[in-house]
Amino acid sequence: MRTSGILMPIFSLPSKYGIGTLGKEAFNFVDFLEEAGQSFWQILPLNPTNYGDSPYQSFSSFAGNPYFIDIEMLIEEGLLKREEADLCDFGSDLETIDYEKLYKHRLPLLKKAFSRFVPTNDYQAFLKNNSHWLGDYALFMALKNAHGDVSWEEWEKPLKMREESAIKQAEITYKNDIQFYYFIQFKFFEQWQNLKKYANSKDVKIIGDIPIYVAFDSADVWANPSQFWLDKNLKPKKVAGCPPDAFSKTGQLWGNPLYDWKYMKSTNYSWWKGYLNHAMKRYDLTRIDHFRGFEAFYAIPYGDKDAKNGKWMKGPGMDLFNSVKADFGENLPIIAEDLGYLTPEVLKLLKATGFPGMKVLQFAFSPEEESNYLPHKHIQNCVVYTGTHDNDTIMGWLKSAKPEEVKNAKLYLNFKEDENFNWAMMKAAMMSVADTCILVMSDLIGLDSKGRINTPSTLGGNWQWRIRQECINDWLAKLVKENTALYGRLPKQS
């Protein structure tokens with residue numbers, strides 16, 4: 001079944017209030033996808049962001065990002081006054097997110113909405129249905145706020161170690177703050193479910209994204225320390241990352257705590273099953289980032305300043321997925337991000353799971369070897385991309401890639417100088433035999449590197465790109481649909 005979709009982060013949508021949200025413009029984007037003949041909308045993780053504003057470093061693997069709660073909808077509900085929202089300075093640049101201003105103004109505005117909120121039956125049902133994570137998260141955030149937002153490892157020992165008496169007292173002391181975070185999550189998931197329901201009614205499915213690892217400074221680790229590879233003082237023994245590669249000569253030091261896979265196995269992988277179940281309820285399909293980490297993971301000594309001294313260690317392998325499939329069924333709606341250093345063992349694991357992997361065309365044109373990312377080497381059970389959120393845009397790649405790679409790409413794509421190079425590469429992806437093709441919104445409008453979403457191993461300037469409202473239009477939808485039809489990827493063709 002040949003299908004296609006578009007990668008577009010929620011935060012990159014147009015919005016009056018500084019960042020893309022789950023409001024009107026998200027619904028308009030669903031209409032654009034339907035008009036363009038697309039079957040999928042791929043997004044990035046929806047979790048509340050941690051230091052650096054990366055959606056892959058979050059305070060919780062289960063919670064939703066309060067920045068994505070739509071202010072206009074709160075105004076329509078009577079929870080906010082328009083003048084209250086308009087008085088907030090969220091930045092004036094329509095193409096860039098100012099996270100500092102969001103940090104200063106978004107939560108105070110949401111607290112005003114909370115002060116007018118009257119709990120409903122739906123709210124009570126939400127609390128009950130999400131009790132397995134919501135209480136820990138809300139208390140964690142209330143305590144972070146009370147401690148000047150420092151990491152939980154710097155809290156006083158009774159709270160750090162979650163001593164029962166200290167936790168009970170904190171729940172009393174910070175009751176109002178905890179209820180504020182309940183409210184935030186209720187509104188986020190209410191708006192998200194309405195958006196997803198609308199997308200599905202238009203035959204557009206949502207491809208979500210979950211990181212393989214969680215942040216150390218998170219409710220996940222604080223509330224479940226036994227699930228992670230920590231010492232008796234709750235310090236990580238080793239941390240996650242990637243070895244030196246084409247992205248970085250010193251590797252990528254992510255710093256996430258590693259899982260205690262032996263302990264997880266003894267609990268029948270209950271934490272991971274809860275994580276996946278939550279994702280499968282939130283999305284139609286789920287992309288798992290850094291899938292190769294399930295076969296073997298790169299462990300870096302805690303405290304190292306780069307990733308050069310890490311070592312590969314064995315992961316849970318098929319044992320985890322056999323257990324997951326026993327609970328949730330054989331045909332799990334999962335896409336495996338299988339990029340990077342792939343050993344025969346990783347390829348064997350991917351084949352055993354049956355999950356589709358990924359093919360990225362920007363990695364295909366090295367002059368040193370014939371790449372498996374070249375379209376004529378693709379298989380049906382995969383998802384083809386021109387690039388991901390970690391790549392430059394196509395037009396940015398054209399300027400920054402090695403000259404010999406660009407030369408190979410132009411030869412392979414039979415590129416004519418009077419054409420648009422971004423469309424030459426996107427058409428090559430669409431004509432691939434891969435069952436699914438995902439294009440990036442910034443490539444569809446031909447942006448250079450200013451439309452790049454993230455540059456790995458860098459801090460600052462990432463996760464900030466926003467699209468201008470006029471760029472999402474009927475003309476572009478028609479052009480995308482024509483090409484989608486040409487390569488047999490329209491829903492009705494499938």
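1. Two strands pair if DSSP finds at least two bridges between them. Strands (E, at least two residues) and helices (H or I, at least four) are DSSP runs, numbered from the N terminus. On that basis, β1 and β12 (residues 436–440) run parallel, joined by five bridges. Within β12, L439 is the bridge partner of I6.

2. This is a predicted model: local features need pLDDT of at least 70, side-chain atom pairs count only at pLDDT 80 or more, and totals for chains, interfaces and linings use all residues. Residues are numbered from 1 along each chain as its sequence is written, and side-chain values use heavy atoms, with hydrogens and water left out.

3. The open sheet has eight strands, in the order β9-β6-β3-β2-β1-β12-β11-β10, with parallel pairing. Its edge strands, β9 (334–336) and β10 (357–360), each pair on one side only.

4. F29 is in contact (heavy atoms within 4.5 Å) with I6, M8, L13, W41, M441 and I472, leaving aside neighbours within four places in sequence.

5. Strand β3 (residues 205–210) pairs with β6 (residues 285–288) in the parallel sense over four bridges. I210 stands opposite I288 in β6.
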